[in-house]
Every structure is written in structure tokens, then in C-alpha cells.
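Biologist: Before we discuss details, please put the model on screen. I would like to go through its confidence, its ring pairs and a few helices.

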Amino acid sequence: MEKKMRFGIKSKIIIGYLIVIVCLFIAFIVLNSQISSLQKERNFIIDHDIEVHDLTNRIEKHLLDMETGQRGYIITGEASYLEPYNSAASSWEKDYNALYQLLNNNPNQQEKLEKIKGSIQDWIEAAGEPTIALKKENNTKELQQFFEKDPGRQYMDDIRSQFTSFRNVEKKSTETRATELDEKNQKIKIGLYGLLLFVTLISLAIAIVLSNSIVNTIKEVTQTIKRITASKGELKGRIKVRSNDEIKDLGIATNALLENIEERNWLQTNIAHAVTMYQGIASVDKLAGKFLFTVSEMTGASFGAFYVREENDKGDLFVKQAAFADRKGDAGRESFLIGEGLIGQAALEKRTLVINDVPDTYQLIASGLGDVKPKSIFIVPVLFEDEVIAVIELASLHEFTVLEQELISQVIETFGLTINGVIRRMEIARLLKESQAMTEELQAQSEELQTQSEELQMQSEELRMINEQLEERTKDAEEKSFELEAAKEDLEEKAHQLELNSQYKSEFLANMSHELRTPLNSILILSEMLEENSAKTLSEDEEEYARIIHSSGKDLLALINDILDLSKVESGKLDVLLAEMNMSELPDQIERNFSHVAEQKKVQLKINKAQDVPNIIHTDEKRFQQIVKNLLSNAFKFTESGSVTVSIQRVADHRLTTAMRTVDTDCWLEIAVADTGIGIPKEKHQLIFEAFQQADGATVRKYGGTGLGLSICSEFAKLLGGWISLSSEVGKGSTFTLYLPSLSNGLVDYEKVNFAYEEVAVSIEKAEPEAEITEIDHPVQPVEPSLPDDENVFQDKRVLIVDDDQRNIFALKTALAKQGMTIMTAHNGIECLEMMKNSEPFDLILMDIMMPRMDGYEAMQKIRGELKLVDLPIIALTAKAMKNDREKCLEAGASDYISKPLDLNQLFSVMRVWLVN
């Protein structure tokens, strides 16, 4: 290990001053950077805002020149007045483009500039160029008629108003930048004071640390010496000095003195312990084992063998009596002759051997993880009356220290006498035992035979009992097997019945959707046409009747959607499509959808979004929006006065429960909808989340509703990995809180229990603020081109309506005929094909899907295949909206797809796209 660098007291003081100087230098750099940034922002405000105002004035001046030149030319007829007009006409767009480019970081102002540009171009097209052309043609009569109406004045007034609004916004923007600059200047001042305070604290901290490092070290040395002095001979304590300075030198010298004294005390204590250990031992092997264990514990030896001399015909033979860390009896050889090997040579020479350079072939020391080669061997002969009566060999994983060698040598000096005494006592005991053994052997054999007889009888009885228990368990197992088989068959039967019930339910819901939406389509279309009263033939009461019919039809459609959604959730077959959702747009969406509801009910709408809410989360945006809209619709429904508040925030880490932490999510969001409405009794909090339930009957009569909204919200929240909690007090209002995770890694797989029910899909409708959010079918073309007026698109277009329901035909025919279209009808696919073969070409076909004889799928395939009409627009219409119907219609040949009941605006929009294309 490299020597630790010496760090004296003088060096500590110098480094402390250097740290303070570095902190001051860093503070200067940070302050200089902030001042430079402030200067750049000030220059930007000056240069940018002056140039914006200059370009705005120049554009307005060009416009004034064009107006002056136009009027001068019209009054005098002199061509010289057209020079400023033409010059301004060619120059104002350059200044406009420069101003537009200058505002590339401000889309709102760019949008206003685009409106100003449109107004200028409208003035040029409507008032500038036409009047100049009339003057050149000397058409005084039309000029006089033009200036009697003078549309150019209104354009000019609009342009001046737009410029005024534009300047006001720029002025506010300048003021905002100046305010931000002032705030930043204030922050720099605060930062400067903070840096000064920080440097001061650093200086004080360094001074305290340096002084403490010196004083505390001296105190520690002093206290350690006092403890050792008061310990009455206990020398375990050491002076611990962490610093590498002059004080450490003092501590090292003191520790060396303590270690020397402690070694002497250790040696005397262990010698006394070893001498007292031999008392009461009557056999050589126990004495040898005890000795090896004690000596190994004192010296840290990991392996050892104890040999005692025995006389035989070959001479003196040393036999192993005990071993330490023996592995299956292979701890050294079993015996050796004097002079045989190193251990025999040590016995012959009566001297101690210490070998630190151990050969590779030496006995390995075994452990649980493997074998380890020892680093040192210690061989010691034990003498009695100058004769070797025993030899001890020890092996260690570390080299034996001089102190350990001295300990063993002093213990061995008196150990020979102990061994000789034990051997004598053992010989006397052996002769005594031999005399007793013969007597006891016969008695032992008799008792052994009796014991074996009793054991055989007991084993026989145990075997009989075990056999009876096995027979009983076999019978129980057979009975349980029959019961399990019967239960399995019962469960299979019930599962089959559940599958059939789910299939019947799916078919019923699909047919109900078709049967209800087909007449509802006619009701909504005709009531909407009556409500518009384009022919002015209905009274105000009759228009109100039409609006009520239309509103009731939409309410019925919402109820159908709620029932279908709830059924899909209960069966576990509602699709969850995870994607990125922009949370920064949520407040604007809520404001856009519910501000008019708040105005109608005279209730204040508040939206609060915390700064820590991420801009992007991963969830099913459609289901999320449906939950929020249902909660807000309920809040407005049950609030007569006061406010409805939406709070959006991120759940802090310390508020996360154990269950929430187990979800694999980026973050948890908390969306709370609080109102000051009627409130909900505490005992009804769980009830309102059940289907077709509200707080009480009076609520249903006064406010209406089916009680499905909260049930659907609760189930949707569970599908998205969250839940909804409720806090409410009667008369004071309610707060519904949605807890939702951001699932960037996806949801867990849901159990697939009913394939048929997956096919039922919710009809795609325009969302009302009070209803759940639903999908809106988009045309196949991703971008709608610029379209002309409705009269130009629909006028004289030939449209074929193919539908088996006369009510739908009447409603569609009436609505389309009002747009100037020529309408033909067919009641099934066969009539459609015959009409297309025998009549003039059609511009567009509205094709129903569910029809007798030949359905819409087959009819579209024949139109595309047999009739080769691949470019003819075909819009598929159906009331039995299944999950994959859109894809099936497009594959069959449809150009686009709309589900019933139809929204006329949506229908006209889609027709307009395909008629133009």
C-alpha cells in the first residue's frame, strides 16, 4: 500500500485559504455570466421591438399611399397619381414578409398579420383595382354606384382596427419582457447576496473544520492516554489519529509502547492458561486433542498433529494420538520412526524447526470452499528427563510470529512431565478395565437379546397401525376424486352456459343497436331539418317542438351508448388503446367544451393545472376524456350556483401508497372535479357508482339521468389502472378525484372470456358536453382540400340512396334535395345494380349495409368488380355498428364510412370531400 501523503497543520491552513479564494473566483464568474445574459436580453428588446413598430408603420404608410393614389386618380384621372399606388403595391408585401419573419417566435401575432394581409388583399381586389379599372374605362356611372356603397371604407376601417390590436399586443409583449428583465435583475441581486453569504459560510466552515481537526485530535490522544491509565492493566485501547500530521507521530510512538507491554502480558496469561488446562485429564489422546486445540487457538494455527512415542521391536515409534482440522484421518502420517523425515529428524536432534518456505507437495489445509496451502510449519519435540516422548507439528495460513514461537517453547518445557504422568495413569486404568470388561460382557449380551425382542414386537404393532391408516386414506382419496370429477363437470357445464349467455347478449346488443338506431336516424335528421325551418313555414312553438324532438333523440342515443359501453366493460371486452396524450392541451379542451355550459347556468368554471404535471402521458385518451367529461357534466348538472373547479396535479412521491408504487408507471396524476352543488350523503357514496343508481329518487326526478355515467367512469378508471374517490357533504358540494398512472410500458393482458362480445362497438357520434366522448369517423383522405360553396358542390349532382328502410330514404332524400341534388333510390343491392346499368351515371352512392336479398358489402364488391367503377364515391351507412365494420366496408369497396344515426353536417362534409375529389 502506498504511503499516505503527509498533511501537516500548516498545509491545512494554506488549503483552507485557497478554497475561499476559489469560491470567490467562481462567484465572480457566475455573476459576470448573469450580467452578460441580462445585457443580451436588453439589446433584444430594444432592437426587436423598434424594428417591429417600424415595419408596422411602413406597411400602414404603404396602404395610405395606395388609398391616396387610388382616390387621386379617380378624382383627377391623372396617371401620376397611380405612381404612389403602384409603388406601395409592390413594396408593402416586402415589409410584410420581413415583419412576418421577425415574428416567427410568436404564432399568435403571425396569425393577426395573416388576417391583416388578407384584409389588404381584399381591399385591393374589392376597392383598389376595380375602381382604377373603371376609371381607365371612363365608366363614371358604375364608379358612382361603387362609391355610393363604398365597401373600401369598411375594409380600411377593419385594417386600421387590426393594426391597432396588433400594436397593443406588441406593446404588452414589450412591457412583459421589460418586467421579466427587471425580475431577472432582482434575482441577480439576490444571487449576489446569496453568493456572498455562501462564501462567508464556507470560510467559517473551513475555519471550524481546521480548528476542530487540530483540537479534536489532541483531545482524542489525551483521552485515550487517560483511559489506558485508568484501566488498571487493560491495554486494549489504542490512540487513533486520522490526520497525517505531527500529532500522528505522537500517537504512533505511544501505540508502539502499548503494544510491547500488551505482548508481554499476553504471553504470561496464555502460559498460565495452558498449565492449568492439563488438570483432570486421564488419557493421552484427550490431552493431545486439548493441547492442540488450545495452542491452535492461541497461535492461529489451522492444522496440526500430535505424536507420542511407543516402544516396539523396530525401536522407538511415534504414533499419532490427535489431530486438529483433520480431514477423514489424513492429517499427516499415522506413525514415523525417529530420524524419519523432518519430524523424525527434529525428534532425533531434540530441536525445534520453523519452516516458512513450504513446498507445493505439503498437506493442504481443507475448508468448506476448497483446499489451501499453508504458509508456515512449526515442529516442536517434547522432552522428559532429556528424552523425546512426543512431537507436535503445526501448520498455519500465516507465518508464526516470534511471540507465538516463544509461547509454545515455554509451554513445552513443563509439558513432558504432564504427558509422562498421564501415560502412567492410563496403564493402570487399562489393567483395571480389562478385569471389569469380562464380567460386564456377559451381562451386556443378555440385556441386548431382551432389548431386540421388545423392539421387534413394537415394530410389528407400528406396521399394523400404518397399514390401517393407509387403507383409510386410500378410501378418502377415492371419494374426493369422485367429488372433484363431479365438480369439474359442473364447472364445465356452467362455463358453457356462460359462453352461450355472452353470445346471446352480444347478438341482442348488436340487434338492439340496429333496431333502435334505424328509426332514430330518421327522427334526428327530420327533426334537425324542421328545427332549421329553412322554408319559414313553422311557428316558434313548432320550431321548439322540433328542437325538443331532436334533443330527446340525442339523449336516447347517449343512453344507447351508455348501455353498450357498460355492457362491454362488465364483460371485460372494452378495448384500451394506449398512446401519448398531450396534457398541456387539457385545460383548453375543458374550457372550449364547458365554458358555454357555465355561462348558461351562470356557474363559474375554474381550471388549475400544476407546474409539475408532465406535458405527455401514456393512456387511452378517448376513455380519459370520457371520464373527465362525465364528471364535469355531473358537476354542472347538480350545481345551481357557485363554481365548478378542475384541479390537475401530479401525485407527490411521499403520497404514493405501497400499491401505487408497485405499478410500472412514469408518474401518477390526480384530476379533481369539485363543485358547490347539492352534495351526496355519506351512506350513498358507494351506491352512486353502481349502474342505474343515483343518490335518491328526488334527484332523478329533478335532474334526470340514468345513473350510468359514474358507473362507466369507475370501470374506465379501473381499465386505465386507476380509480375514482369521492369526498362530499350534503348542501356544500362534492369532489370526485381521478387517480391515474402514466402507462408508458403498457397494461397487463386482460382475460379473454367472450370473443363474440368484442365485436359490439359503440356508435361514433359528435360529443356533447353533457354526454360521454365518442369517436368521430374521419374521411379516408387525411387532409381536406380547399372546398367551394355548398351550392357549387351539390348543385345538380346525381346521388343514389340504397336503403331498405323507407323512413331513412325519405329523411335523406328530403335533406339532400334541399341542397340541389337529384336523388334516386333503391331498396337493396340488386335494385342498385340494375339502376346503375340502366340509367345515367351517378356522382355518389349512399349505401346501407344491412339489406335483404343482397347486402351492401356484396353490392359494393360488384360495383367495383363487375361494373369497373373504381372511382365512383361510395359512402357506407349502417346502424349495426360492429367493431371491424369500418375495415370490412373499406375492403368491400367503400370510399368512406358513417354510422347511424347520421349527423347531417358530418354527412355533408364527407360528401363534399368526395364530390370535389
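**Confidence, rings and helices**

Modeller: This is a predicted model. The protein chain has a mean pLDDT of 75, and 79% of its residues reach 70 or more.

Biologist: Over residues 748-791 the pLDDT is below 50; how many contacts does this stretch have in the model beyond near neighbours in sequence?

Modeller: Two stretches can be named here. Over residues 695-702 the pLDDT is below 50, and that stretch has ten contacts beyond near neighbours in sequence. For residues 748-791, also with pLDDT below 50, the number of such contacts in the model is 121.

Biologist: Is the pair of F318 and F336 stacked or edge-to-face?

Modeller: The search of the whole structure finds eight aromatic pairs. In the pair of F318 and F336 the ring centres are 5.2 Å apart and the planes are at 10°. Planes under 30 degrees apart count as stacked, so this pair is stacked.

Biologist: How many residues apart in sequence are the parts that F318 and F336 tie together?

Modeller: Both F318 and F336 are buried. F318 belongs to strand β2 (residues 315-324) and F336 to strand β3 (residues 335-337), so the pair ties together parts whose separation in sequence is 18 residues.

Biologist: Which residue caps the N-terminal end of α12?

Modeller: The 17 residues of α12 (residues 621-637) should span 24 Å at 1.5 Å a residue, and the end C-alpha atoms are 24 Å apart, which agrees. Of those 17 residues, 14 are buried. A side-chain oxygen lies 3.2 Å from the backbone nitrogen of K622, and the capping residue that supplies this oxygen is D620.

Biologist: How far from the ring centre of F842 is the charged end of R798?

Modeller: A charge sits over a ring only within 6 Å of the ring centre. The charged end of R798 sits over the ring of F842, and its distance from the centre is 4.7 Å.

Key: Residues numbered from 1 in each chain as written. Predicted model: local features only at pLDDT ≥ 70, side-chain atom pairs only at ≥ 80, totals over all residues. Heavy atoms only, no water. Phe/Tyr/Trp six-rings, centres within 6.5 Å; stacked < 30°, edge-to-face > 60°. Helix = DSSP H or I, 4+ residues; strand = E, 2+ residues; numbered from the N terminus. Buried < 20%, exposed > 50% of the residue type's maximum accessible area, 1.4 Å probe, protein only. Lys NZ or Arg CZ within 6 Å of the ring centre and 35° of its normal. pLDDT = per-residue confidence, 0-100. Contact = heavy atoms within 4.5 Å. Expected span 1.5 Å × (residues − 1). Polar contact = N/O pair within 3.5 Å; in protein donor to acceptor, adjacent residues only side chain to side chain.
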